[in-house]
Amino acid sequence: MKTITILIPAYNEEAVIDKMYKKLDAVCRELSQYSFEFLFVNDGSKDRTMDYIKEFKRRDSRVQYVDLSRNFGKETAMLAGFDYAKGDAVIIIDADLQQPPETFAEMIHWWEEGYDDVYAVRIEREGETWFKKWTSNTYYTLLQKVAKVKVYPQAGDFRLLDKKCIVALRQLREHERYTKGMYGWIGFKKKEISYIAEPRAAGETKWKLSALLNLALNGITSYSTMPLRIWSIIGFIISMFAFIYMAVEIIRTALFGAEVAGYPSLIAGILFLGGIQLISLGIIGEYLGRVFVETKERPVYFIQEYSEKENEQKNQIQ
Ligand code: UDP
Ligand code: MG
């Protein structure tokens with residue numbers, strides 16, 4: 001019998017997690033030809049999420065959990081999940097019921113057909129503001145233009161991954177993670193399906209604007225060196241103009257003599273170039289900062305507790 005791990009990263013989800021568990025239970029009961037592992041990754045929740053998970057574990061032997069030592073963010077919580085998942089395939093799903101577990105059957109169907117990464121694209125985003133939709137669309141269009149790997153815009157983390165993909169993802173241990181780019185980077189056979197996104201069942205979104213911005217920057221800087229190159233090109237063009245301008249000025253002075261004027265244009269030129277230099281320094285800084293974090297080679301996360309203490313066999317490759 002094949003085992004499928006349902007991976008649920010959860011951060012302060014006490015309001016929905018019980019509902020989520022009941023839904024999972026009902027849906028997986030229908031898929032009786034598979035055995036399931038419900039792997040909850042508690043990402044340092046400050047509410048009663050962990051108590052709920054322990055309660056599920058007492059009642060249900062399919063439940064396992066990894067309790068992280070603090071909040072590491074969803075991207076890292078998912079890596080912890082990949083490390084501890086035991087299934088022949090892993091389905092990643094949010095704890096807030098925005099993604100319908102009813103989609104599992106279709107995912108598993110395509111997996112059985114031989115696909116390794118069955119990702120679900122959301123059809124419409126109910127309950128989200130136009131601002132969030134607009135920023136996310138623009139961002140993905142931009143990312144796709146500059147990144148070397150394909151990032152599937154409307155596809156999130158809601159997907160089924162074969163064990164092959166999980167083994168591959170375990171080896172990508174960078175700290176500044178952008179998992180959506182990794183799915184494309186590792187390759188393997190992909191299949192697109194769709195689902196209708198629901199509004200969050202309860203509780204609040206865990207993403208702050210700053211966290212989203214950080215994820216967005218990680219997406220671009222991890223998959224493209226384009227931002228670095230753009231500034232060399234712009235710098236080159238500006239220098240060319242400056243050079244031509246200088247030559248013209250020298251000739252003009254030689255022919256017609258010097259004239260004292262042009263302070264505004266001088267100041268404008270200095271400010272313009274100063275600005276460009278600061279921006280390009282900032283961009284180099286973004287990359288350098290990431291290099292700095294990675295060279296420390298720290299473990300990506302620590303765990304407080306794993307539900308199967310006895311045979312703690314971590315699958316992690318290091
Ligand atoms: N999440 C997490 N750690 C975090 C933030 C979020 O594990 O630091 C989990 C959260 O519990 C949920 C999923 O990631 O299961 C998606 O979060 P959310 O629904 O808040 O994001 P949104 O759907 O608004 O993008
Ligand atoms: Mg959500």
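Helices (H or I, at least four residues) and strands (E, at least two) are DSSP runs, numbered from the N terminus. This is a predicted model: local features need pLDDT of at least 70, side-chain atom pairs count only at pLDDT 80 or more, and totals for chains, interfaces and linings use all residues. Residues are numbered from 1 along each chain as its sequence is written, while chains are lettered from A and ligands numbered from 1 in the order in which they are written.

Helix H2 spans residues 49–59, and its buried residues are Thr49, Met50, Tyr52, Ile53 and Phe56. They sit on the same side of H2 because they cover an arc of only 160 degrees around the axis. The arc is that of the directions from the helix axis to the C-beta atoms. Asp51, Arg58 and Arg59 are exposed on the other side. Buried means 20 or more other C-beta atoms within 10 Å of a residue's own, exposed 12 or fewer, with C-beta atoms placed from the backbone.

Now the core. The largest nonpolar core has 56 residues. Such a core is a set of buried Ala, Val, Leu, Ile, Met, Phe, Trp, Tyr and Cys residues joined through C-beta atoms within 7 Å. Ile6, Leu7, Ile8, Val41 and Ile91 have the most contacts inside it. Helix H3 (residues 74–84) gives the most to this core, with six residues.

Last, the ligand. Ligand 1 is surrounded by 17 residues (C-beta atom, placed from the backbone, within 6 Å). Pro9, Tyr11, Ala95, Thr205 and Lys206 are the closest.
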